[in-house]
Amino acid sequence: MMRPGLAFAAAWMGLSLPGAWAGPTRYPLVVENCGHRLTFEAAPGDAVTIGQSATEILYALGLGNRMAGTALWFNDVLPEFKAQNDRVPRLDNNAPSFESVVGKRPGLVATQFEWMIGPQGVVGTREQFHELGVPTYVMPADCEGKNNLVGADGTRTAPFSTEALYKGITQLAQIFDQQDQGAALVARLRGREEAAVARAKALNLPDASAVFWFSSADLDLDPYVAGQKGIPGYMMRTLGLRNVVQSDEEWPTVGWETVARSNPSVIVIARMDRRRFPADDFERKLAFLRSDPVTREMEAVKRNRIVIIDAHAMQATIRLVDGLEALTDAMAKLPR
Amino acid sequence: MILPPGRPLARLLGRIVLHGAWIALALAAAILAGVCIGETAIPVGTVWRTLANKLFDAGHALDRIDQGIVWNYRLTRAIVAACCGAGLAVSGVILQSLLRNALADPYLLGISAGASTGAVLVTVAGVGAGAVSLSLGAFGGALAAFLLVALLARASGGGVGPRAAGQIVLAGIAGSQLFNALTAFMITRSASAEQARGIMFWLLGNLSGARWDNVGMAVPVAVAVTSVCLWHARALDAFTFGTDSATALGVPVRRVQALLIGCASLATAVMVSIVGSIGFVGLVVPHAARFIVGVRHVRLIPAAALMGAMFLIAADVLSRIVVKGQVLPIGVITALVGAPVFALILVRRRPAR
Amino acid sequence: MMLAAHDLGWSARGAPILRGVSLEVPEGETLGLIGPNGSGKSTLMRLLCGVLKPEAGEVRLAGEPLARMSRRRAAQWLAMVEQQAETADRITVRDAVELGRTPWLSPLRPWSAEDDAIVAEALAVVEMSGLAARDWATLSGGERQRAHIARALAQRPRILLLDEPTNHLDIHHQLSILQLVATLPVTTVVALHDLNQAMSCDRLGVLQHGRLVALGKPQEVLSPALLRDVFGVRASFLTDPADGARIIRFHAVS
């Protein structure tokens, strides 16, 4: 599974978009986005973002002053963006209503997830917005190579790659005429990613494997773990770790029996601010791993090879690279 | 021609021992099959040696993970599945008999809806702030819903008589709707897709969390409820021609209804809180059992309990092996298998007229 | 007195159905209850057997208040054949008749050969022995009624309450059931529709608007005046030349 996956990822990177166009955007601009063609006569103002990733990308491009609202927050805004964020109204911590978004008369609505704006969008469909003359932009990481109508959290038809994230940053920078900032941001993230991958490769680990445990509906129940083609799957693949979970779903539930018997070298658990399930708390996850009669016998638990990574670094966000670096640090501690 | 009362009693005891023995054997075989078949392949020899180690201290050297999986995951899971299957099936028998309604099932009384409301309260709305588990919330919700439905049925004039059965069904439907609306309200108010999904998964039933503490809860409840119902087998038979007829045959109708419906509700609430709501067992298994052993409760109740237990173990095994490396919600399997079986029974037992 | 009702009253949703009914039935008697539709016959039957709890007054079985007896003991005394008791269950005739043994059985007093004998006898009495294995759903209305009576007989009651037992029967079975009821060594209260059949009871009680308006020997009770006042018919009395029995012929009041 590992070698074809790697080959595929390599091919993907080879074909990737040119990383940076410098200079001003020429309007009218036509952008292809998830099956929709968007035309911009000028850089839009009063943008509304849904999903923290899209929000923070616009902040990273320095566009806080061109935003009219944000929604769908998972945790606190990154400290460096706090000043920008304080000026932008927050429409809702969760899904905003259609009218609250449209009421801002936005020049663009950018969403991190298709389940917010898409064929089965909680907020609305893209057509609903387009009929009112409001363009919508869906982060390519959530629609390219992913079918959001299959599986609980969508199913990836092609493995995720950070190129999709970089493409989203680049396109947003282009739309807002911030191509220099966009190119610089992508170059910075790409540089850190390459460094982490190089470090991991240099370790030259024989058959190192991992499992990513996001959360569970209840502690004893089958956990939500990362599938092959999602973002953690990409992290493991590029760093040379074998994902013990075979499913292609984004976050499938897999029994502890399967996880325990596959005995991964590393267990990654997610830290998050959310507290809906007991297992959202990473301390509870740790306590479970160490007390359950089966999981406590796992190699990774006995030798304390448990890595705690922020849940947001397991999603298509600018924080993803933090996760890659944390995972590389953990790999460095594995026995050769 | 009066016979000494001792002889039928002795014969009864003999029958109990005989039938009890083969029922226990069948159950043990089913549980063993559930232990041997799982998500991953564990050799039968390992299973045997694990059981020998744990039960008889045989001291075989075994991989600790394999041994843990067999003893702590699979065995508990099979036992809990058996108890849930038996509990739900017996509850179905009771409700169908007492309410004189072939469509009655344990979820009719709003129990499942209440359980999901309780679960959502704990998970999505954050009641109890992590100290209360999903299952405890579900149990609380199930009991609250049942009490509400019982009160409503009483207030709407559910006295003795054929109308009482109708009233409790109507109250159950009203209660279910109310609790489903509450659940929907809370989910739309505060959930994101990821959480809603966790609850959905649980609503379709999930045996993966079954551990020894659940066994300690499920076994006594299943055994107690089955025994209480079996003790009242003749009273249940007397409901064949309705509640008036049962009264005339010397059955204290109100007391029996209250006791047995209470038993069915308790069993359902406990099972739902452990494994989520598993549909179709409480509806289909009683009909299947009736099809095989007839309507007399003295045979019907043990048959339904055994068939329910075996059905759920089989469904659980299937749910683990249909898709490799992934476990399907057991409710999906019970519905997929149960619906055609139900259809078959409906066609086969069409009245001769 | 075997069965006594004292000042019974009952109402449904505020509307009085039965008021101040008192009657006494000595052991071995067959008491007929007659009255127009809605006069309260069925309600009185249900009160007498304890399916309904009286709002006023009380019922006594051999001097003991029915309300204070356990349901089980009451059912060992009293059996009731309702007007309409149906089931969708797949049972046989024998299953239905065996239900009659319910008040005599318990988990510690299981079914015995004696119960088999009682059930067989009850089936024989209603001439249903040959149909014992028949599916309930395949029976005619009359056959079901006879099976219900057999169930009541299998209960081995001291008192038998029958609510219009001849309702669904053909004339042959109507007569044989009535004859059977008359010869049973039990105290019987039977609600009847056919006034000529009521003539063969030991005594008759007449209900009108929830009150017992007459109680006594059939010849005394069924007077032309009562038939006109209660049933709204004109009656002429004939004598059967075959056996000298009195027969009533009815005419509409013009």
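## Close-up views of a predicted model

**View 1. A salt bridge between C:D95 and B:R296.** The side chains of C:D95 and B:R296 form a salt bridge, with 2.9 Å from N to O. C:D95 belongs to helix α3 of chain C, while B:R296 sits in the loop between α12 and α13 of chain B, so this pair joins two chains. C:D95 counts as buried because its relative accessibility is 19%, and buried means under 20%. B:R296 also counts as buried, at 12% relative accessibility. The model is predicted, and the distances in these legends are computed from it.

**View 2. A salt bridge between C:R46 and B:D244.** Here the closest N and O atoms of C:R46 and B:D244 are 2.4 Å apart, and the two residues form a salt bridge. The pair joins two chains, because C:R46 lies in helix α1 (residues 41-49) of chain C and B:D244 in helix α10 (residues 243-248) of chain B. C:R46 has a relative accessibility of 26% and so counts as partly exposed. B:D244, with a relative accessible area of 10%, is buried. Side chains of opposite charge can pair when their charged atoms come close.

**View 3. A network of salt bridges around A:R296 and A:E297.** Which residues are linked in this network of salt bridges? They are A:R296, A:E297, A:K302 and B:R64. A:E297 is buried, at 10% relative accessibility, whereas A:R296 is partly exposed, at 37%. Over all chains, the structure holds 38 salt bridges.

**View 4. The disulfide between A:C34 and A:C143.** A disulfide is a covalent bond between the sulfur atoms of two cysteines. Over all chains there is one disulfide in the structure. Its partners are A:C34 and A:C143, whose sulfur atoms are 1.6 Å apart. The two cysteines are 109 residues apart and link distant parts of the chain: A:C34 is in the loop between β1 (29-33) and β2 (36-40) of chain A, and A:C143 is in helix α6 (residues 140-143) of chain A. The torsion about the S-S bond of A:C34 and A:C143 is about -65°, so the disulfide is left-handed. A:C143 counts as buried, with 12% relative accessibility.

**View 5. Cysteines of chain B: B:C36 and B:C83.** B:C36 is in no disulfide, and the nearest cysteine sulfur, that of B:C83, is 19 Å away. B:C36 is partly exposed, its relative accessible area being 22%. B:C83 is buried, with a relative accessible area of 9%.

**View 6. The largest pocket.** The volume of the largest pocket is about 1,600 Å³. Its lining consists of 47 residues, and those nearest the centre are B:I16, B:I23, B:L230, B:V298 and B:P302. Several elements give two or more residues to this lining, among them α1 (6-36), α3 (64-98) and α8 (212-231) of chain B, together with α3 (93-98) of chain C. The largest share of the lining, 14 residues, comes from α1(B).

**View 7. The largest cavity.** Rolling a probe the size of a water molecule over the atoms shows where empty space is left. A search of the whole structure finds six cavities of 30 Å³ or more. The largest cavity holds about 100 Å³ of space. Residues that line this cavity include A:D220, A:D222, A:W256 and A:E257, as well as B:Y73, B:R74, B:R77 and B:R320. At least two lining residues each are supplied by α10 (256-262) of chain A and α3 of chain B. The largest share, three residues, comes from α3(B).

**View 8. A nonpolar surface patch on chain B.** B:I37, B:L318, B:I321, B:V322, B:L336, B:V337 and B:V341 make a nonpolar surface patch of about 540 Å². The elements giving two or more residues to the patch are α13 (297-321) and α14 (330-348) of chain B. With three residues, α14(B) contributes the largest share. B:I321 lies in helix α13 of chain B and counts as partly exposed, at 41% relative accessibility.

Technical notes
Residues are numbered from 1 along each chain as its sequence is written. Chains are lettered from A and ligands numbered from 1 in the order in which they are written. This is a predicted model: local features need pLDDT of at least 70, side-chain atom pairs count only at pLDDT 80 or more; totals for chains, interfaces and linings use all residues. Side-chain values use heavy atoms; hydrogens and water are left out. Patches are made of residues with over 30% relative accessible area and no salt bridge: like charges are joined within 9 Å, nonpolar side chains (Val, Leu, Ile, Met, Phe, Trp, Tyr) within 5 Å. Accessible areas come from the Shrake-Rupley method with a 1.4 Å probe; for residues, only the protein chains shown count as cover. A salt bridge is a side-chain nitrogen of Lys or Arg within 4 Å of a carboxyl oxygen of Asp or Glu. Helices (H or I, at least four residues) and strands (E, at least two) are DSSP runs, numbered from the N terminus. Buried means under 20% relative accessible area, exposed over 50%, partly exposed in between (1.4 Å probe, protein chains only). A disulfide is a pair of cysteine sulfur atoms within 2.5 Å. On a 1 Å grid over the protein atoms alone, a cavity is a set of points where a 1.4 Å probe fits but cannot get out, and a pocket is an open set with protein on both sides within 12 Å along at least five of seven lines; lining residues have an atom within 4 Å of a point. Grid points are joined across faces, edges and corners, and a volume is the space filled by probe spheres set on the points.
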